[in-house]
Amino acid sequence: MRQLMMVFVMSALVLLGTTASAQTGIFEDFEDGVIDGEWRWSGSDFIEQTGGNPGGFGRCSEIWVPTPVYFGGWDVPGWTGDYQAMGVTGFSIDIMTIATANYNLAYYPLFIAIMNHMGTPDDITDDVFVYYNPDAYNAPAAGTGWASYRWDVPSDFVGAPGELPPGWMGGNWTTQTVFPADMTWQEMMTNVGRLEIRMLYMDYAAAYEPYEMGADNVVLYYENGVVPTKNMSFGSVKSLFR
Ligand SMILES: [Ca+2]
Ligand SMILES: [Ca+2]
């Protein structure tokens, strides 16, 4: 279904006379009533119809967690897989902290983590991950509206074992901040199991606090799919398939 949609989007862009410089990839804008990519803050996320950036957005009811994590689904077609073959170049998302009792949240980091489940999605203990410099962004404070975040993901970088592109770090669940010396960036990029947005250093703990969170405009940019040009909203492009 996803691949079929991509074909339709490609056709739509041809009709619109879009140039080769248009951004391509896959996106979720929460406008069609279905949450694609299994993106969620909790097990009971829902689509709030208004108040997004714009329109609908993915919202959780109050959750008690150390800090929120926004999860994609494991092995979801279009969002995961062989990022080198897909030609992945980046990821962006809008996040809003609707409410929390953690008044220091804006001092917390916010970063993307790319997970490799090592063939066992049900067992996190062997997972390996890479993540972008947590200090590049801060989490949004409650009541400050939508914040936009974007990261370059250089899926075509080629490194020696243990070597990561500038700004990237890695680890596993034993050594959260030490990328395994026998793993390569290429192995990570060709086996992406899930994406996560995190707000706590990988090797930190924090007290549980209540959070209400929102997300909108989740976009994975790559060569062989399509997201709209600047002239069209995400919703209007999705509407082409209805
Ligand atoms: Ca939206
Ligand atoms: Ca695993």
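**Exercise 1. I114 and the core**

Which residues does I114 touch, leaving out those up to four places away in sequence? Relate I114 to the largest nonpolar core.

*Solution.* 
- Step 1. I114 touches F129, V130, Y131, M188, V192 and L195, with residues up to four places away in sequence not counted.
- Step 2. The largest nonpolar core holds 51 residues. Those touching the most other members are F91, I112, I114, Y131 and A215.
- Step 3. Strand β12 (residues 209-221) supplies the largest share of this core, 6 residues.

**Exercise 2. The partners of β12**

List pairings of β12 with β1, β3, β4 and β6, giving one residue pair for each.

*Solution.* Take the strands in turn.

| Strand | Bridges to β12 | Sense | Residue pair |
|---|---|---|---|
| β1 | 4 | antiparallel | F27 with V219 |
| β3 | 2 | antiparallel | G58 with A215 |
| β4 (residues 63-65) | 3 | antiparallel | I63 with Y211 |
| β6 (residues 90-100) | 9 | antiparallel | T100 with Y211 |

A215, the partner of G58, is among the residues that touch the most other members of the largest core.

**Exercise 3. Backbone details**

*Solution.* 
- Step 1. F30 has phi near 60°, a positive value in a residue other than glycine. F30 sits in the loop between β1 (25-28) and β2.
- Step 2. F30 has 28 other C-beta atoms within 10 Å. The cut-off for buried is 20 or more, so F30 is buried.
- Step 3. N217 has phi near 55°, again positive and not a glycine. N217 lies in strand β12.
- Step 4. N217 has 22 other C-beta atoms within 10 Å, so it is buried.
- Step 5. The N53 to P54 bond is cis, with omega near 0°. P54 lies in the loop between β2 (46-52) and β3 (55-59).

**Exercise 4. A136**

Is A136 buried, exposed or partly exposed? Locate A136 along the chain and relative to F111.

*Solution.* 
- Step 1. A136 belongs to the loop between β8 (128-132) and β9 (147-152).
- Step 2. A136 has 13 other C-beta atoms within 10 Å. Exposed requires 12 or fewer, so A136 is partly exposed.
- Step 3. F111 is 25 residues away along the chain, and its C-alpha atom is 7.6 Å from that of A136.

**Exercise 5. Whole chain and confidence**

How many helices and strands does the chain have? Where is the pLDDT below 50?

*Solution.* 
- Step 1. The chain has 4 helices and 12 strands. Of its 242 residues, 39% are buried.
- Step 2. Take the contacts with a separation of 6 or more: 78% of them link residues 24 or more positions apart.
- Step 3. The average pLDDT is 87, and 83% of the residues score at least 70.
- Step 4. Residues 1-21 have pLDDT below 50, with 16 contacts in the model beyond near neighbours in sequence. Residues 227-242 are also below 50, with 28 such contacts.
- Step 5. Where pLDDT is low, the predicted coordinates should not be read in detail.

Technical notes
Residues are numbered from 1 along each chain as its sequence is written. Chains are lettered from A and ligands numbered from 1 in the order in which they are written. This is a predicted model: local features need pLDDT of at least 70, side-chain atom pairs count only at pLDDT 80 or more; totals for chains, interfaces and linings use all residues. A nonpolar core is a set of buried Ala, Val, Leu, Ile, Met, Phe, Trp, Tyr and Cys residues joined through C-beta atoms within 7 Å. Two residues are in contact if their C-beta atoms, placed from the backbone, lie within 7 Å. pLDDT is the predictor's confidence in each residue, from 0 to 100. Two strands pair if DSSP finds at least two bridges between them.
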